Amino acid sequence: MKITFCCFVILITLSSHTLAEAGDAEERLKYETFKAKTEISLESLKSVKSQDLMQLQAQIDYQKNLIEQINNQANSLNNNIAIGSVMITVLVSLIGFFSYRNAKTDAQLVAKQEAQYITQQEVKNWFDRNTKDLNTEIDELKLKLRNFEDEANNTAIETKELMADHLTELLDRSISESDNYSNKAPDTTKSQLAQHSSAVPVYQEFVLIKQLEDPQAAIENYNNQRKELGSELPEMQSNILLAQIKKGDAQRQLNKPKEAVATYSNLIKQFGNTENHFFKELIARAYVNKGDTQHQSLNQPKAAIITYDTLIQKFGDSNLPDMHAQIARAYVNKGFTQGQSLDQPEVAVATWNALIQKLEKSLHPVVQAHVAHAYLNRGFIQEQVLSQPEAELETYNHLIQKFAGSKYRIVQAKVAIAYDGLGFKNLLLAKQAWKIRSQRERLLKIAIYNFEKAVELCDEVERPMILSNIAYSNWLLGIKTDTKKQLAEAFALNGKRIRQFTLENLEMHSVSPDESFKDLLNTVFRQTVDQNV
């Protein structure tokens, strides 16, 4: 570029020198024109070259930036390579560790399986060697068991017949001799009574009956009666009363209901107006037994209602706990008669409500049991007959709230039935809401809670059904760990009955898991039956 510029300068100098020598104006004009054109060309060339220089400088700067970015990427790549190397090292170490552990576990499993196989083979060989002898012994034991059962059944039948005949004979003799003795010696004392051979055993039997209800209360009640009436306690008359009641009970067991009603009626006619508190409780018992016989054995529900009402009107204001027990029993049986035989569910509920209102605060265990039974009957009628499921749940909750803390087993058993009723109700609600997962799971958990409370308080009669309900609820909830164990225990207690009830329950609002549970139910039932055989 510099060389070109110099050439133009030299050319201009030479041109000027030529013009000066020539002095020709025309040439000078041409020179000036050429000079102007040359300057314009130089300016244009200079501008073009300046732009070339700027573009070159921009390319140089771009190359520098590119080199700098490449250097940064190289540094980053080196760092990533270093981190990757560390991670690969750690990964290789972990792979080596787990490979070692798995190899060790596999070796242990193989060793365990080989040991089990050897043990199973030894057991199988032992059974193969002894199967024939074992089968023979089992057949002999089964035969002996059948013979023993037949012998026991025959003995039980003969014993029952003999005891019934003996009891009837004893009661008739006791009544007859007691009447004769009372006529001959109306002022009988305690010492004379002790010498009476037929009256004493009957009186001892009465004491035993009382002890079955509440032993301490029975003894205290008897002692209080002796203190109240002193040496003139008419013990002979008490034996006559009890003997007649037992005679009526025996006639009922021997399927002689008319004779039993006549016996109770004669007793009530003979002693119905007594003022002796001890006798009143026996008279009340005769009324209830008479009403039960009229309803259950003679199919005379209206006559039974009259009998129950007579007892309630006659002794309803009594303050004696033992009398309350008979009054409560009369209320319960009256309501049952109205609901079952007379088809009067609302009247039955009213009868049980009257009992609850009258004796709910009693501390007597037998009274509490009858009041709790009234609650249960009311809940059953409300749900099954009156179609009042909300009222049923309220009834069960009231029963639990009232008697959950009772210390008496006879009352706790009633509370257990209420818990079971609540659990079963929530179980059915869960099946009805099956498509809503959150709702069904909540209801199933409530059901299981109530079933578990019921198991804590129930008697042996209700236990197998409650266990079956727990197993079914857990199955629906997806908790299958103890289901088989719970079913096995339930079947061991009462297999056929529980299996039938559970199959019936499965038909209520059927859901998808029911079929698999039914298969498990039948499998466990067969296994339990085989084990029992």
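Helices here are DSSP runs of at least four residues, numbered from the N terminus. With that in hand, welcome to the tour of this predicted model.

**Stop 1: the whole chain**

Show everything as a cartoon to begin. The chain has 18 helices and 0 strands. Of its 533 residues, 36% are buried. Among contacts with a separation of 6 or more, 63% join residues 24 or more positions apart.

**Stop 2**

Now select His 509, which sits in the loop between H17 and helix H18 (514-532). Its phi is near 55°, a positive value in a residue other than glycine. His 509 counts as partly exposed, at 40% relative accessibility.

**Stop 2: another loop with a positive phi**

Jump back to Asn 299, in the loop between helix H8 (277-296) and helix H9 (301-315). Here, too, phi is near 55° and positive in a residue other than glycine. Is Asn 299 buried or exposed? Asn 299 is exposed, because its relative accessible area of 61% lies over the 50% cut-off.

**Stop 3: helices H10 and H11**

Select residues 321-340 for H10 and 345-359 for H11; the two pack with their axes 7 Å apart, at an angle of about 165°. H10 is therefore roughly antiparallel to H11, since angles over 145 degrees fall in that class. Their crossing is left-handed. To see the contact between them, show side chains: His 324, Ala 328, Tyr 331 and Val 332 are among the H10 residues that take part, and the H11 residues include Val 347, Thr 351, Trp 352 and Leu 355.

Stay on Leu 355 for a moment. Leaving aside neighbours within four places in sequence, Leu 355 is in contact with Ala 328, Tyr 331, Val 332, Glu 360, His 370, Val 371 and Ala 374.

**Stop 4: the largest nonpolar core**

Together with Phe 315, Val 371, Phe 403 and Leu 487, Leu 355 has the most contacts inside the largest nonpolar core, a set of 88 residues. Which helix gives this core its largest share? Select residues 409-432: this is helix H14, and 10 residues of the core come from there.

**Stop 5: a lysine in H14**

While H14 is selected, pick out Lys 425, which lies in this helix. Lys 425 is buried, with a relative accessible area of 15%. Setting aside neighbours within four places in sequence, the residues in contact with Lys 425 are Glu 383, Pro 389, Glu 392 and Leu 393.

**Stop 6: helix H16**

Move on to residues 463-477, which form H16. From first C-alpha to last, this helix of 15 residues reaches 21 Å, close to the 21 Å expected at 1.5 Å a residue. How many of the residues of H16 are buried? The count is 14 of the 15, so H16 is largely enclosed by the rest of the structure.

Terms used: Residues are numbered from 1 along each chain as its sequence is written. This is a predicted model: local features need pLDDT of at least 70, side-chain atom pairs count only at pLDDT 80 or more; totals for chains, interfaces and linings use all residues. Side-chain values use heavy atoms; hydrogens and water are left out. The expected span of a helix is 1.5 Å times one less than its number of residues. Buried means under 20% relative accessible area, exposed over 50%, partly exposed in between (1.4 Å probe, protein chains only). A nonpolar core is a set of buried Ala, Val, Leu, Ile, Met, Phe, Trp, Tyr and Cys residues joined through side-chain atoms within 4.5 Å. Contact means heavy atoms within 4.5 Å. Axes are lines fitted to C-alpha atoms, for helices over the stretch in contact, and angles run from 0 to 180 degrees between N-to-C directions. Angles under 35 degrees count as roughly parallel, over 145 as roughly antiparallel, 65 to 115 as roughly perpendicular and the rest as oblique. A crossing is left-handed if the near helix is turned anticlockwise from the far one by less than a right angle, and right-handed if clockwise.
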